[in-house]
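Please look over the model below before reading my points.

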Amino acid sequence: MIIFYQKENYRCKKKNIFNEIESFIKKNEIRKKEHILESNYETLRNYREIGRLIIEAQSGNSKAKYGDELIKKWSKEFTNKYGKGYDATNLKRFRQYYLIFQKSGPVGHQLSWTHFRYLIPIKNENKIIYVLRKNYPKMNLLKR
């Protein structure tokens, strides 16, 4: 009986997180369509929150065993509703973006999602800083 309750509670939590992620996606898509996406900052903030929620759905693990299955399942639903911008690859990128740039500070305001997509695969923080300094010498880089 207790095990059944825990499973049901777990499913409810996952559904709530899915709905929360979907609300960020809806806001982002509405802003895109209305052409009032004030800045890149709004998009990046939404992607960071989606990444945070994916980690939360994985019980705080950055790479839970079931995480990729969860992302695949959710990406199918989001892609059907909102297009290819929310496929499994991008949901994984949002997760990585959150893990790497949780507190992007001033750098987050100066880079676009395209820049971050390039930086996400780089695992070493010093390499990220090197790439940023080399390509954007005037950028205000603060050590995270």
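**Notes on packing and salt bridges**

1. Glu69 is exposed, with a relative accessible area of 52%. Here exposed means over 50% relative accessible area, buried under 20%, and partly exposed in between (1.4 Å probe, protein chains only). This is a predicted model: local features need pLDDT of at least 70, side-chain atom pairs count only at pLDDT 80 or more, and totals for chains, interfaces and linings use all residues. Residues are numbered from 1 along each chain as its sequence is written, and side-chain values use heavy atoms, with hydrogens and water left out.

2. Glu69 has a partner in Lys72: the two form a salt bridge, with the closest N and O atoms 3.7 Å apart. The term requires a side-chain nitrogen of Lys or Arg within 4 Å of a carboxyl oxygen of Asp or Glu. Both residues sit in helix H3, 3 residues apart, so about one helical turn separates them. Helices are DSSP runs (H or I, at least four residues), numbered from the N terminus. Lys72 counts as partly exposed, at 40% relative accessibility.

3. The salt bridge count comes to 5. Which residues are linked in a network of salt bridges? They are Glu20, Glu49, Arg52 and Glu56. Arg52 meets Glu49 at 2.8 Å, N to O. Those two both lie in helix H2, 3 residues apart, about one turn of the helix.

4. Arg52 also forms a salt bridge with Glu20, where the closest N and O atoms are 3.9 Å apart. This pair links distant parts of the chain: Arg52 is in helix H2 and Glu20 in helix H1, 32 residues apart. Arg52 counts as partly exposed at 24% relative accessibility. Glu20 counts as partly exposed at 35%.

5. Now the rings. The structure holds 9 aromatic pairs. Rings of Phe, Tyr and Trp (its six-membered ring) pair if their centres lie within 6.5 Å; planes under 30 degrees apart are stacked, over 60 edge-to-face, and the rest tilted. Phe18 and Phe78 are stacked, because their ring centres are 4.7 Å apart and their planes at 5°. Phe18 lies in helix H1 (residues 2–34) and Phe78 in helix H3 (residues 67–82), so the pair ties together parts 60 residues apart in sequence. Both Phe18 and Phe78 are buried.

6. Tyr97 and Trp113 pair edge-to-face, at 5.5 Å centre to centre and 90° between the planes. Tyr97 belongs to helix H4 (residues 88–100) and Trp113 to helix H6 (residues 113–119), so this pair ties together parts 16 residues apart in sequence. Tyr97 is buried at 0% relative accessibility. Trp113 is buried at 11%.

7. The largest nonpolar core has 31 residues. Such a core is a set of buried Ala, Val, Leu, Ile, Met, Phe, Trp, Tyr and Cys residues joined through side-chain atoms within 4.5 Å. H1, helix H2 (40–57), H3, H4, H6 and helix H7 (125–135) each supply at least two of its residues. The largest share, 6 residues, comes from H2. In soluble globular proteins, nonpolar side chains tend to be buried together.

8. Which residues have the most contacts inside this core? They are Ile21, Ile50, Trp74 and Phe78. Leaving aside neighbours within four places in sequence, Ile50 is in contact (heavy atoms within 4.5 Å) with Ile21, Phe24, Ile25, Leu91 and Phe94.
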